[in-house]
Amino acid sequence: MALYRFKSRETGDLVMLQPHGQRILEILVKDPQVPGIIRPVEMASAVQALREAAQAEEAEHQRRVQEAEARGEVPPDFDISLRLRSAPFIEMLQRCERAEVDVVWGV
């Protein structure tokens, strides 16, 4: 399985499996198929986008659980949440924003 390796001069590398790194990049409206960069001026909005996506995912999970319970079915089991998967990336973005350094991948 492919990996994404996010790098910066402020933090250690952050490695994610391809599906999870790709999802994060898609939330950030970055092309996951090519090398890229997130500049410090983009980082606050990137953090906000990830948090909003995590909230939307949690609301969808809650809706699906409630629907299953209303039908008398066993509630669905979900994979690790976006909130947990994105936490290290959000921390990386926040540290890099404070240090005014870029985050890159695919280079």
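In strand S2, the residue that bridges to Leu3 is Leu17. That pairing is a handy way into this structure, which is a predicted model.

**The sheet**

Between S1 and S2 sit six residues, and together the two strands form a hairpin. Another pair to look for here is Arg5, which stands opposite Val15 in S2.

Zoom out and you get an open sheet of four strands, in the order S2-S1-S4-S3, with antiparallel pairing. Strand S2 (14-17) and strand S3 (36-38) are at the edges; each has a single partner strand, so one side of each is left without a neighbour in the sheet. On average, neighbouring strands are turned by 20° against each other, direction ignored.

**Helices on the sheet**

Helix H1 (residues 18-27) packs on this sheet, where it touches S1, S2 and strand S4 (103-105). The direction of H1 makes about 105° with that of S2. Helix H3 (residues 82-99) lies across S1, S2, S3 and S4, and runs at about 150° to S2.

Which residues of S2 are on its covered face, and which on its uncovered one? Leu14 and Met16 are on the covered face, while Val15 and Leu17 are on the uncovered one. Val15, a residue of strand S2, has a relative accessible area of 39% and is partly exposed. Leu3, Val15 and Leu17 make a nonpolar surface patch of about 250 Å². So the bridge partners we started with, Leu3 and Leu17, turn up again in that patch, since a patch takes in residues with over 30% relative accessible area and no salt bridge, and joins nonpolar side chains within 5 Å.

**Salt bridges**

Side chains of opposite charge can pair when their charged atoms come close. How many salt bridges does a search of the whole structure find? The search finds ten. Here are three of them, with their N to O distances.

| Asp13 | Arg5 | 3.7 Å |

Start with the pair of Asp13 and Arg5, whose side chains meet in a salt bridge. Asp13 is partly exposed, at a relative accessible area of 42%. Arg5 also counts as partly exposed, at 39% relative accessibility. Remember that Arg5 is the residue opposite Val15 in S2.

Glu42 has a relative accessible area of 25%, which means partly exposed, as buried would be under 20%.

Where in the chain do Asp102 and Arg39 lie? Asp102 is in the loop between H3 and S4, Arg39 is in the loop between S3 and H2, and they are 63 residues apart, so to speak linking distant parts of the chain. Asp102 is partly exposed, with a relative accessible area of 26%, and Arg39 is partly exposed too, at 42%.

Finally, have a look at Glu60, Arg63 and Glu67: these three residues are linked in a network of salt bridges.

Technical notes: Residues numbered from 1 in each chain as written. Predicted model: local features only at pLDDT ≥ 70, side-chain atom pairs only at ≥ 80, totals over all residues. Heavy atoms only, no water. Pairing = 2+ DSSP bridges. Axes fitted to C-alpha atoms, helices over the stretch in contact; angles between N-to-C directions. Contact = heavy atoms within 4.5 Å. Patch = residues over 30% accessible without salt bridge, like charges linked within 9 Å, V, L, I, M, F, W, Y side chains within 5 Å. Areas by Shrake-Rupley, 256 points an atom, 1.4 Å probe, with all protein chains shown as cover. Salt bridge = Lys/Arg side-chain N within 4 Å of Asp/Glu carboxyl O. Buried < 20%, exposed > 50% of the residue type's maximum accessible area, 1.4 Å probe, protein only.
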